[in-house]
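User: Could you walk me through reading a few features of this model? I would like the general idea each time, then the case at hand.

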Amino acid sequence: MTYHVNFQPLPPAEGDPAAHLRRRTPAVFRGLAADWPAVGSWAFPRIATLGPALPVRLVRGNRETTRTEFIHSDLGTYLHQLSEPPAANGEPLYLKEFDLLKAFPELRTELGELPFLSGGGVASRSAWIGPAGARTGLHQDLLDNCAVQITGTKRFLLARPGTVERAGALSAKYDAWARLSRVGIEELAVGGRAVADGHLFVVDLEPGDVLHVPARWWHEVVNLSAGILLSGFYGSRAHVARVWAQVQLREMLHRARLLGSEGCTCHPAR
Ligand SMILES: [Zn+2]
């Protein structure tokens, strides 16, 4: 793996997944979902046939650290584009936080279980569908997250909680369920600002791999090839309810333009 020396490969987690989750550090479970029918069958042309005219909202580029811009399309057109070689010009268009399972409930039967996540309700389970180069800028989520790579390869770059804060790089940009960094993780790493050894990790997810990212761990994510990721927040019902209430309050302030008026990930930049 050619990467900046500061990034350590995240070692594969062996043994009881629940024990890894209790450690509150990221853990990659290689091939844990490899036998899910979805992993072998969710090719873009097949998903497209389920609802080609379905309207989709695509994110252009890296909305976490640059401007927020949306493009409206339909699922058939978008997935057809993904099946073709990437265009040389323009930033990647990314279908993010897409409620694939609500749109096509029949796909639920092609998923397996992750029983070690029990002990709470999964708060959400969405799909990230995009071409090579599609990227989510450096951020930390408010809830624990579990991601399952269905097709394609995705790189997660991770930094310990506190890394961005110590570098003075917290962004004022608003996001409902996350906090954002003003700079990318490589910029943090190269600058070396407050990034000690053992604080930065890299892991490439292949189809069937499962990654657990605890709340408050910073992460930046980039597609190495076109693919589909399913990702969900989870936690105990009491904890999810508490965070949800805080998020709703902040959302109310945001809609009233009392919070995040300088920029957000949910409304296009003016
Ligand atoms: Zn907004």
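**Reading the features**

Analyst: F201 counts as buried, at 9% relative accessibility. Buried means under 20% relative accessible area, exposed over 50%, and partly exposed in between (1.4 Å probe, protein chains only). This is a predicted model, where local features need pLDDT of at least 70, side-chain atom pairs count only at pLDDT 80 or more, and totals for chains, interfaces and linings use all residues. Residues are numbered from 1 along each chain as its sequence is written, and side-chain values use heavy atoms, without hydrogens or water.

User: Which residue forms an aromatic pair with F201?

Analyst: Rings of Phe, Tyr and Trp (its six-membered ring) pair if their centres lie within 6.5 Å; planes under 30 degrees apart are stacked, over 60 edge-to-face, and the rest tilted. Here the partner of F201 is W217, in a tilted pair with 6.0 Å between centres and 55 degrees between planes. F201 sits in strand β11 and W217 in the loop between β12 and β13, so the pair ties together parts 16 residues apart in sequence. Helices (H or I, at least four residues) and strands (E, at least two) are DSSP runs, numbered from the N terminus. W217 is buried too, at 3%.

User: How many salt bridges does the structure hold?

Analyst: Side chains of opposite charge can pair when their charged atoms come close. The cut-off is a Lys or Arg side-chain nitrogen within 4 Å of an Asp or Glu carboxyl oxygen. The structure holds eleven. One of them joins R30 and D209, with closest N and O atoms 2.7 Å apart. That pair links distant parts of the chain, 179 residues apart. R30 is partly exposed, at 40%, whereas D209 is buried, at 4%. Another joins E251 and R255 at 3.9 Å; being four residues apart in helix α8, they are separated by about one helical turn.

User: Which residues coordinate the zinc ion?

Analyst: Donors are N, O and S atoms within 2.8 Å of the metal (3.2 Å for Na, K and Ca); water is not among the atoms, so sites may look incomplete. Zinc is held by H254 (NE2), C264 (SG), C266 (SG) and H267 (ND1), at 1.9 to 2.3 Å. Angles of 102 to 113 degrees among the four donor atoms make the site tetrahedral, a label that needs all angles between 85 and 135 degrees. H254 lies in helix α8 and C266 in the segment after α8, so the pair ties together parts twelve residues apart in sequence. H254 is buried, at 7%, whereas C266 is partly exposed, at 28%.

Methods
Four donors count as tetrahedral if all angles lie between 85 and 135 degrees; four count as square planar and six as octahedral if opposite donors are over 155 degrees apart and all others between 65 and 115; anything else is irregular.
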